[in-house]
Amino acid sequence: MRRRAPLAWRLCLGGLIMLSGGATGAEATAASGRAWLEAMAAALRANAYEGVLSYARDDAVTELRLVHGHQGSAIYERLSRLDGAPKEMLRRGDELFLLGQEDEALPPAAVPRVQHPVTNFGDVPETYQVQLGTPVRVGGRRAQHILVDPQDATRFAYQLWLDEETALPLRMTMNYHQGAPVEVVQFRALAVGEEPPEAAFALAGQPVHQHPVAPAQAALAHGSEGVALEALSWRIAWVPPGFQLLAEVADQPVMLRLGDGLATVTVFIDAEVEDEPLAVQHGPTAAVVRHLRHCDGRPHQVTVIGEVPVGSAERIAQSLHCADPPS
């Protein structure tokens, strides 16, 4: 069914991927932690690297190979699944190719910004607390432990272990608030050095899907009492603290993107009701389907998908209601 495609898309991407002076006490710890994360973001942009990593969630482990490089100023990256059905994600500058996928193609606005999964940590929003942990060894390399905790349980927490020599991430977990991990990504082998050859990013055959890479998006709207949409006669009465409206697409189905800089949620509103109500959590990805009536009395299907606890996705869906049409 058409409404299944966004969930399948997100699960496929999830299965493929992945010092301050002057301050004291907690302020110095937070400043030091944020400085480490900024160094990591710079290292991810500047370095060429490749390695084998493990991706674990829902008691399943997937092995992946990542090759990251540049052609001029453009980012080139290939992420390949090494077990199970062959799947690859290839980025070449502003183009994204999905190889070995069978999902329906999505409109360009639905394609997430494709970069290393931890690049956004260079600018952690103030709704998260950043702390330094204890240095440890990960994969035989000395690593600095960083904790990124939300102020509430509406979003996941993160822990990162950064290579002390390069600041590249060796391990990352996404955790329930003050709880167990729901996703673990760890390099088993990592090599940093020369740029990969051009052949490392060659296309073998015709890609199943090709999409432009979506650019970074500034917030469109934000308010403590919810989100009022600009082009649609809908209103979202509740979003997690710090979430803002990133994109609003008035096609059918309507698509909204919400986020706080780390976590992102996509909302689809469709005038056709096709699926049964649903609320599931697959690792870090929540998927919720609800049926709501608009101001005109017609039923609509609302689908919420994102890397938040399923309770947050349900609350977003249930908070949607009709509003006066924009003038």
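Visitor: What does the accessible surface of this protein come to, and what share of it belongs to carbon and sulfur atoms?

Guide: About 14,700 Å², with 50% of that belonging to carbon and sulfur atoms. Keep in mind that we're looking at a predicted model. The protein has three helices and 21 strands, and buried residues make up 51% of its 327 residues.

Visitor: Take His70, then. Why does His70 count as buried?

Guide: The cut-off for buried is under 20% relative accessible area. His70 comes in at 14%, so it counts as buried. You'll find His70 in strand β2, residues 60–71.

Visitor: What makes the pair of His70 and Arg45 a polar contact?

Guide: The distance, to begin with: a polar atom of the His70 side chain lies 2.7 Å from the backbone oxygen of Arg45. The limit for such a pair of N or O atoms is 3.5 Å, so this one falls within it. Beyond four places in sequence, the contacts of His70 also include Ala46, Asn47, Tyr76 and Glu195.

Visitor: And Tyr128, why does that one count as buried?

Guide: Same cut-off, under 20%. Tyr128 sits at 2% relative accessibility, so it counts as buried. Tyr128 belongs to strand β6, residues 128–132. Leaving aside neighbours within four places, its contacts include Arg34, Val148, Asp149, Phe156, Tyr158 and Leu262. As for Tyr128 and Ala157, they are 29 residues apart along the chain, and their C-alpha atoms are separated by 8.5 Å.

Visitor: What makes strand β9 largely enclosed by the rest of the structure?

Guide: Count the residues: β9 covers 157–163, and six of those seven are buried, so the strand is largely enclosed.

Visitor: Which strands pair with β9, and how do you know that they count as paired?

Guide: Pairing takes at least two bridges. Strand β8, residues 141–150, has six with β9, in the antiparallel sense. Strand β10, residues 169–175, is also joined to β9 by six bridges and runs antiparallel to it. Both pairs therefore meet the cut-off. If you want landmarks, His145 stands opposite Trp161 in β9, while Gln159 has Thr173 in β10 as its bridge partner.

Visitor: How many residues lie between the strands in each hairpin?

Guide: The hairpin of β8 and β9 has six residues between its strands. The one made by β9 and β10 has five, and there Ala167 takes a positive phi near 70°.

Visitor: What makes strand β5 largely enclosed?

Guide: Strand β5 spans 95–99, and four of its five residues are buried, so the rest of the structure largely encloses it. Its antiparallel partner is strand β4, residues 88–92, joined through five bridges. Met89 has Leu98 as its bridge partner in β5. Two residues separate β4 and β5 in their hairpin, and Gly93 in the turn has a positive phi of about 65°.

Visitor: In which order do the strands of the six-stranded open sheet come?

Guide: The order is β15-β16-β17-β20-β19-β18, and the pairing is antiparallel.

Visitor: Why are β15 and β18 called edge strands?

Guide: Each of them, β15 at 244–249 and β18 at 278–282, pairs on one side only. On average, neighbouring strands of this sheet are turned by 15° against each other, direction ignored. The partner of β18 is strand β19, residues 285–293, with five antiparallel bridges; there Ala279 stands opposite Val288.

Visitor: Which helix lies across that sheet's strands β16 to β20?

Guide: That's α3, residues 310–319, lying across β16, β17, β18, β19 and β20 and running at about 20° to β19.

Visitor: How many residues does the largest nonpolar core have, and which have the most contacts inside it?

Guide: The core has 60 residues, and those with the most contacts inside it are Leu37, Phe121, Val148, Tyr158, Leu160, Val267 and Val304. Helix α2, residues 25–46, gives the most to this core, with five residues. A second, separate core has six residues, among them Val67, Leu90, Phe97 and Phe201.

Visitor: Beyond four places in sequence, which residues are in contact with Val148?

Guide: Among them are Leu37, Phe121, Tyr158 and Leu160, along with Val124, Tyr128 and Leu262.

Conventions. Residues numbered from 1 in each chain as written. Predicted model: local features only at pLDDT ≥ 70, side-chain atom pairs only at ≥ 80, totals over all residues. Heavy atoms only, no water. Buried < 20%, exposed > 50% of the residue type's maximum accessible area, 1.4 Å probe, protein only. Axes fitted to C-alpha atoms, helices over the stretch in contact; angles between N-to-C directions. Contact = heavy atoms within 4.5 Å. Polar contact = N/O pair within 3.5 Å; in protein donor to acceptor, adjacent residues only side chain to side chain. Core = buried A, V, L, I, M, F, W, Y, C linked by side-chain atoms within 4.5 Å. Areas by Shrake-Rupley, 256 points an atom, 1.4 Å probe, with all protein chains shown as cover.
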